Amino acid sequence: MTARWRLYAALLALLLGSAPAFPRAVQAQGDKAAAALAAFKQGRSLFRAGQYQAAIEALRRSLTLKAHRNTLYYLGASYRRLGAFRQAFVFYRSYAKQFPQPRSAAMLTRYEKQLRWAPPCLLTVRSTPLG
């Protein structure tokens, strides 16, 4: 029965003239997914090499092309390694929402505690003229 419906859908697409557009749309999605995967792999390699800022750039590029929970996790880990706990927590929270498991909930709780104990930022202001 499903094969018959697929045949009807294909005939309808031919009759409406949208058949040539369908393969292009599928190919465009495939190209976007392939580019996202390539950017993710590059970011993961940079993360493993300890180049966290470069990893963040590659992983953000991947995230704009296609959202995936592993990209969120590595973004959080990269920010955490740089000491940017607030940004890390944002990505870890998104990861935990997309991947609700006890392990990710425990990870989120652990990093939330780290965030509370993160040192405050120091801001130095200089003005010309003085005062």
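1. Ser 62 touches Ala 36, Ala 39, Phe 40 and Thr 71, once residues up to four places away in sequence are set aside. The residue sits in helix 3. This is a predicted model, and in it Ser 62 has a relative accessible area of 2%. Ser 62 therefore counts as buried, the cut-off being under 20%.

2. Thr 71, one of the partners of Ser 62, belongs to helix 4, residues 69-81. Its relative accessible area is 2%, so Thr 71 is buried too. Beyond its neighbours within four places in sequence, Thr 71 is in contact with Phe 40, Leu 59, Ser 62 and Leu 63.

3. Leu 59 is found in helix 3, which covers residues 52-65. With a relative accessibility of 0%, Leu 59 counts as buried. Apart from neighbours within four places in sequence, its contacts are Phe 40, Gly 43, Arg 44, Thr 71, Tyr 74, Leu 75 and Ser 78. Leu 59 and Leu 72 are 13 residues apart along the chain, and their C-alpha atoms are separated by 8.2 Å.

4. Which residues of helix 4 are buried? They are Thr 71, Leu 72, Tyr 74, Leu 75, Gly 76, Ala 77, Ser 78 and Tyr 79. After helix 4 comes Gly 83, with a positive phi near 85°.

5. Helix 5 runs over residues 85-98. Its 14 residues should span 20 Å at 1.5 Å a residue, and its end C-alpha atoms are 20 Å apart, so the two values agree. The buried residues in helix 5 are Ala 88, Phe 89, Phe 91, Tyr 92, Tyr 95 and Ala 96.

6. The largest nonpolar core has 22 residues. Those with the most contacts inside it are Phe 47, Leu 59, Leu 75, Tyr 79 and Tyr 92. Two or more residues come from each of helix 2 (21-48), helix 3, helix 4, helix 5 and helix 6 (102-116). Helix 5 gives the most, with six residues.

7. Met 107 lies in helix 6. Its relative accessible area is 7%, so Met 107 is buried. Leaving out neighbours within four places in sequence, Met 107 is in contact with Tyr 73, Tyr 92 and Tyr 95. Of these, Tyr 92 and Tyr 95 are among the buried residues of helix 5. Met 107 and Ala 96 are eleven residues apart in sequence and 8.5 Å apart in space, C-alpha to C-alpha.

8. For the protein as a whole, there are six helices and zero strands, in the order α-α-α-α-α-α along the sequence. Of its 131 residues, 24% count as buried. The accessible surface comes to about 9,800 Å², and 60% of that belongs to carbon and sulfur atoms. Among contacts with a separation of 6 or more, 38% join residues 24 or more positions apart.

Terms used: Residues numbered from 1 in each chain as written. Predicted model: local features only at pLDDT ≥ 70, side-chain atom pairs only at ≥ 80, totals over all residues. Heavy atoms only, no water. Helix = DSSP H or I, 4+ residues; strand = E, 2+ residues; numbered from the N terminus. Buried < 20%, exposed > 50% of the residue type's maximum accessible area, 1.4 Å probe, protein only. Contact = heavy atoms within 4.5 Å. Expected span 1.5 Å × (residues − 1). Areas by Shrake-Rupley, 256 points an atom, 1.4 Å probe, with all protein chains shown as cover. Core = buried A, V, L, I, M, F, W, Y, C linked by side-chain atoms within 4.5 Å.
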